[in-house]
Amino acid sequence: MKEASACGVRYIIDHPQEFKQGEKYPLLILLHGAGGRGDDIEVLKNNPFYRFARLRELPFVTVAPLCEENTWFDMWERLTAFIKQMAGSEFIDKTRVYLMGASMGGYATWQMAMSIPECFAAIVPICGGGMYWNASRLKNVPVWAFHGAKDTTVLLEESEKMVNAVNRKGGDARLTVYPENGHDAWSDTYSDTKVFRWLLEQKNKFLEWGGDEYNDPKKFG
């Protein structure tokens with residue numbers, strides 16, 4: 001695990017155990033929740049993701065940026081540029097770039113995928129939500145969302161609205177609900193290798209995408 005900086009964003013990067021120069025690898029970008037905000041990157045290194053996810057068994061290059069602002073949305077331009085730069089790295093398979101985030105990072109995962117869907121092969125938003133009216137942007141981005149049924153911080157309906165909206169628009173979204181979990185839906189998700197193996201099965205479908213239905217200025221301003 002190494003620290004670095006790009007596009008004004010500090011981050012940590014971890015390579016798979018069998019990493020070899022000259023080869024290309026799938027990229028997993030992790031967006032942490034509100035508890036990781038600040039300028040102490042050591043907090044990020046202690047994120048539950050790294051305690052539970054057995055990534056060394058899988059071929060991902062993992063990148064986790066640090067939110068030094070109040071929310072990810074306060075550094076949106078930098079975060080977008082950062083993700084594009086990471087996805088364009090010479091050792092990354094551009095057809096296999098994945099985005100995962102929990103809580104505040106779950107909201108950012110939904111929105112980032114709707115902002116630049118062409119970048120992602122699949123996303124995993126955890127206990128988040130988003131602008132479901134814009135869900136057609138995710139028509140060709142497979143989604144596996146997770147939420148705790150007893151979450152009183154971010155209500156379950158936030159994930160339900162997004163998943164239902166994506167599917168109504170012809171997309172492929174699923175939702176796993178942990179019946180006894182509160183806000184912490186991430187620990188169970190990070191420890192489930194089926195989630196990461198599902199990600200690896202997905203490849204970027206953006207070339208098939210024809211745009212959303214809101215691009216007529218006469219109808220939508």
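This is a predicted model: local features need pLDDT of at least 70, side-chain atom pairs count only at pLDDT 80 or more; totals for chains, interfaces and linings use all residues.
Mentor: Residues are numbered from 1 along each chain as its sequence is written, and side-chain values use heavy atoms, with hydrogens and water left out.

Trainee: How many disulfides does the structure hold?

Mentor: A disulfide is a covalent bond between the sulfur atoms of two cysteines. Taken here as a pair of cysteine sulfur atoms within 2.5 Å, the structure holds zero disulfides. The cysteine sulfur closest to that of Cys 67 belongs to Cys 7 and is 15 Å away, too far for a bond.

Trainee: Which kind of aromatic pair do Phe 49 and Tyr 190 form?

Mentor: A pair of aromatic rings is described by the distance of the centres and the angle of the planes. Rings of Phe, Tyr and Trp (its six-membered ring) pair if their centres lie within 6.5 Å, and planes under 30 degrees apart count as stacked, over 60 as edge-to-face and the rest as tilted. The structure holds 12 aromatic pairs; among them, Phe 49 and Tyr 190 are edge-to-face, at 5.1 Å centre to centre and 85° between the planes.

Trainee: Is Phe 49 buried or exposed?

Mentor: Buried means under 20% relative accessible area, exposed over 50%, and partly exposed in between (1.4 Å probe, protein chains only). Phe 49, with a relative accessible area of 0%, is buried, and Tyr 190, at 3%, also counts as buried.
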